[in-house]
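Please find below a set of numbered notes on side-chain contacts, written for a colleague who has not seen this entry before.

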Amino acid sequence: MKKAQTQTISVVLMTGIIISLAGAAYLWGKPLIEKRMTISDFTNALDFVLDLDKKIVDVVNSGSGSFEIDIPKGTLRVVPYGANDPDNNSIIYEILVSQPIAYNASTILIKTESDDPVGMYGEAEPRIITLSTLSTGGNLYQLRFKIHYRELITKTKGYRIALDSVSKSGNKRITVTFDKKEIQPLQASNNGDLILNYVKITVI
C-alpha cells in the first residue's frame, strides 16, 4: 500500500516538475518567439511594400496596364494626389506587431537616399519609402510604411506619379491601373511644365 502511495506521489511530483519546467521555458522563450514573429511580419510587409512600388513604377513607365496584389496583413489606405492632407499622394500600409522595430516614434528611410520633396530625374527615385513604429498603449506596436511619390525634375520639366483613389482603405487586395497622362503648364518646381502620370487605385 505504501509502495503504491509512493508511486502516486512520485507521479504527481514529476507532473508538477514537468509543468513548472514547461511554464518556465515558455516564459523564457516567449520574447524570442514574439521577436521572430515580428521579424517575419516585418519582412513580409517590407517585401509587399517594395513589390507594390516596383509594379506601380513599371505600369507608369509602360504607360498602360494594371495589376492586383493581395494585402498580406494589416490595412492599406491611399491619400490621393491633391488631397488636403500632409500625407497626400501616398500609400500608407499599417500592421500590428508585438515588438517595436524603431524606438521613440522615429522615422526610418527605406531604400531611399533622401526625403527631399523634389529629386533630379534620372538620379533620384520617384518615391520616398519610410517606416515608423508607434506604440498602441498596450502590448502591441503599429508599423507604418508610407510610399510617397514626389516630383522629379529635369532642367525644363517636372514629372510625378499621381495617385487617384477609387476606394481609400482596405485589408484584402489592391488593384492599380494606369489612368492617364496630364500636362500642367508651368506647374513644375523649376517653373516648367509638370507631367503627371495618374494611376487609379482600388483597395478592398
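1. R144 is buried, since its relative accessibility is 16% (buried is under 20% relative accessible area, exposed is over 50%, and partly exposed lies in between, with a 1.4 Å probe and protein chains only). Its salt-bridge partner is D87, with 2.8 Å from N to O; a salt bridge here is a side-chain nitrogen of Lys or Arg within 4 Å of a carboxyl oxygen of Asp or Glu. R144 belongs to strand β7 and D87 to the loop between β2 (75-79) and β3 (90-97), so this contact ties together parts that are 57 residues apart in sequence. D87 is buried as well, at a relative accessible area of 14%. Through shared partners, salt bridges connect D87, E94, R144 and K146 into one network.

2. On the basis of these points: this is a predicted model, in which local features need pLDDT of at least 70 and side-chain atom pairs count only at pLDDT 80 or more, while totals for chains, interfaces and linings use all residues. Residues are numbered from 1 along each chain as its sequence is written, and side-chain values use heavy atoms, with hydrogens and water left out. Helices (H or I, at least four residues) and strands (E, at least two) are DSSP runs, numbered from the N terminus.

3. How many salt bridges does the rule count? The count comes to eleven salt bridges. One of them joins R127 and D53, whose closest N and O atoms are 2.8 Å apart. R127 is in strand β6 and D53 in helix α1, so the pair ties together parts that are 74 residues apart in sequence. R127 is buried, at 6% relative accessibility, and D53 is buried, at 6% relative accessibility.

4. K55 is partly exposed, with a relative accessible area of 30%, and D51 is partly exposed, with a relative accessible area of 30%.

5. Turning to the rings, a search of the whole structure gives five aromatic pairs. Rings of Phe, Tyr and Trp (its six-membered ring) pair if their centres lie within 6.5 Å; planes under 30 degrees apart count as stacked, over 60 as edge-to-face and the rest as tilted. One of the pairs is F42 with F145, which is stacked, at 6.1 Å centre to centre and 20° between the planes. F42 lies in helix α1 (residues 2-62) and F145 in strand β7 (residues 141-149), so the pair ties together parts that are 103 residues apart in sequence. F145 is buried, with 0% relative accessibility. F42, F48, Y93 and F145 form one aromatic cluster.

6. Is the pair of Y121 and Y159 stacked or tilted? The pair is tilted, with 4.9 Å centre to centre and 35° between the planes. Y121 sits in the loop between β5 (118-120) and β6 (127-135) and Y159 in strand β9 (residues 157-165), so distant parts of the chain, 38 residues apart, are linked. Y121 is partly exposed, at a relative accessible area of 47%; Y159 is partly exposed, at 24% relative accessibility.

7. A charge is also placed over a ring: K180 lies over the face of Y198, at 5.2 Å from the ring centre. The rule asks for NZ of Lys or CZ of Arg within 6 Å of the ring centre and within 35 degrees of the ring normal.
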